Each structure stands twice: as structure tokens, then as C-alpha cells.
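The sequence and the structure are shown first.

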Amino acid sequence: MLFYSFFKTLVGQPVVVELKNDLSIAGVLVSVDQFLNIKLDDIRVTDEKRFPHMMSVKNCFIRGSVVRYVQLPSAAVDTALLQDATRRENSAEK
Amino acid sequence: MTDGAIAEPLDLVRLSLDERIYVKMRGDRELKGRLHAYDQHMNLVLSDVDETITVVDVNEETFEERIRTVKRSHEMMFVRGDGVILVSPPGRT
């Protein structure tokens, strides 16, 4: 649940989602669910020469399992809080 | 359990929080970055990440293989756990 909660705090932030097929989509995070499926608005494909078929798409739903990375704005992440939450989550499971 | 004890594999990862770790990924990718979060799936949040991608180019005529590395860096990123092969704590030097 840690990463679900983490992504919920990032709703409204600009992110870049890199998929396992190397497609990178930049957009504003709209919502996320427990599978880390992601909804993005105002999307733009980073490499339009390689993936021109996405140019007319304005928003999308991304299945969580096809995500490789999500690049985040570092100003939006409280790393100390995140580390505390990680420690708490991983000791609560035992 | 005391904070310093390593009883199970994930404890090694917990002790690497806020340290620079090495992550080997599927698809000939390697990451080095500071660990801020992880879970049992090996989903990670890393900052100041240096990514190295190893690409093998095959010459179409001679079938010669040339190994090339592409480097990228990211300020802050989430890494999905299913692509992670191994996580290594910082060296003790």
C-alpha cells in the first residue's frame, strides 16, 4: 500500500511514465489505483519521431504492469517522510 | 528485532535506505541511486539516479557485434519491481 499512498500524494504533478516497450509519456498524474495503474492528462510522447501514432492522444490510462519507470519532480517528494513510511511499513508486516 | 539485525533478505534493503545502491534491471539496464522507498515487490523510489543501458549493435553486413553503453540520469524516479533483478548495498570501502 506504500506506493499507492505515495502516488496519491503526487496527483496533479507532472510526471514522465516510461513503459517496458521504451515509449515515454509525459503528462499530469490524474489518478492511481492499488495495482499502480495510472491515468494521465495533457500527454505528450517524448519521442514523437519513433511513436507518431500517439500524437493525437490527449489523455490515457496505463496498465500498471507495463510501466518500467515513473520519473518524478524531486521537489514534490519528501524523502525523509518516505523513508520513515518505508521503515514503518516493513516493520508492520512482521 | 534490533534495527541492525539482518534476519531476512529484505532487511539488507532496509539498511540501505538513504544510501546509494546499485540495481541491476531486466533489459541490460543498471541503476545507481539513493534509495528512499521499497516494498516487497522491489518497487523502489530512487533519487540522483545514473542509468546505464547496454546495447549490442550488430553490423548488418559483417555481423560484427559492437557493445555500446547509453547513460542517462534522473533526479527522482519510481522503479517498478518486476524489472528488478538484484539490489546491492553500497560498498564498504
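## Contacts and burial in chain B

In this predicted model, residues 24 or more positions apart supply 43% of those contacts in chain B that have a separation of 6 or more. Of the 93 residues in chain B, 38% count as buried.

## Fold and dimensions of chain B

Chain B contains one helix and five strands. Along the sequence these elements follow the pattern α-β-β-β-β-β.

The radius of gyration of chain B is 16 Å, whereas a compact globule of 93 residues would have a value near 12 Å. Along the principal axes, the C-alpha atoms of chain B occupy a box of roughly 60 × 30 × 25 Å.

## Surface of chain B

A nonpolar surface patch of about 430 Å² is formed by B:Val56, B:Val58, B:Phe63 and B:Ile67.

Within this patch, B:Ile67 belongs to strand E4, which spans residues 65-79 of chain B. The relative accessible area of B:Ile67 is 62%, so this residue is classed as exposed, the cut-off being over 50%.

## Annotated domain in chain A

For chain A, an unreviewed UniProt entry carries the annotation "domain: Sm" over residues 2-76. In the model, this span of chain A is 11% helix and 41% strand. The C-alpha atoms at the ends of residues 2-76 of chain A are 16 Å apart.

Conventions. Residues are numbered from 1 along each chain as its sequence is written. Chains are lettered from A and ligands numbered from 1 in the order in which they are written. This is a predicted model: local features need pLDDT of at least 70, side-chain atom pairs count only at pLDDT 80 or more; totals for chains, interfaces and linings use all residues. Side-chain values use heavy atoms; hydrogens and water are left out. UniProt positions are given in the numbering used here, feature names are shortened, and annotations may be inferred rather than shown by experiment. Helices (H or I, at least four residues) and strands (E, at least two) are DSSP runs, numbered from the N terminus. Patches are made of residues with over 30% relative accessible area and no salt bridge: like charges are joined within 9 Å, nonpolar side chains (Val, Leu, Ile, Met, Phe, Trp, Tyr) within 5 Å. Accessible areas come from the Shrake-Rupley method with a 1.4 Å probe; for residues, only the protein chains shown count as cover. A salt bridge is a side-chain nitrogen of Lys or Arg within 4 Å of a carboxyl oxygen of Asp or Glu. Buried means under 20% relative accessible area, exposed over 50%, partly exposed in between (1.4 Å probe, protein chains only). The radius of gyration is taken over C-alpha atoms; the globule rule is 2.2 Å times the number of residues to the power 0.38. Contact means heavy atoms within 4.5 Å.
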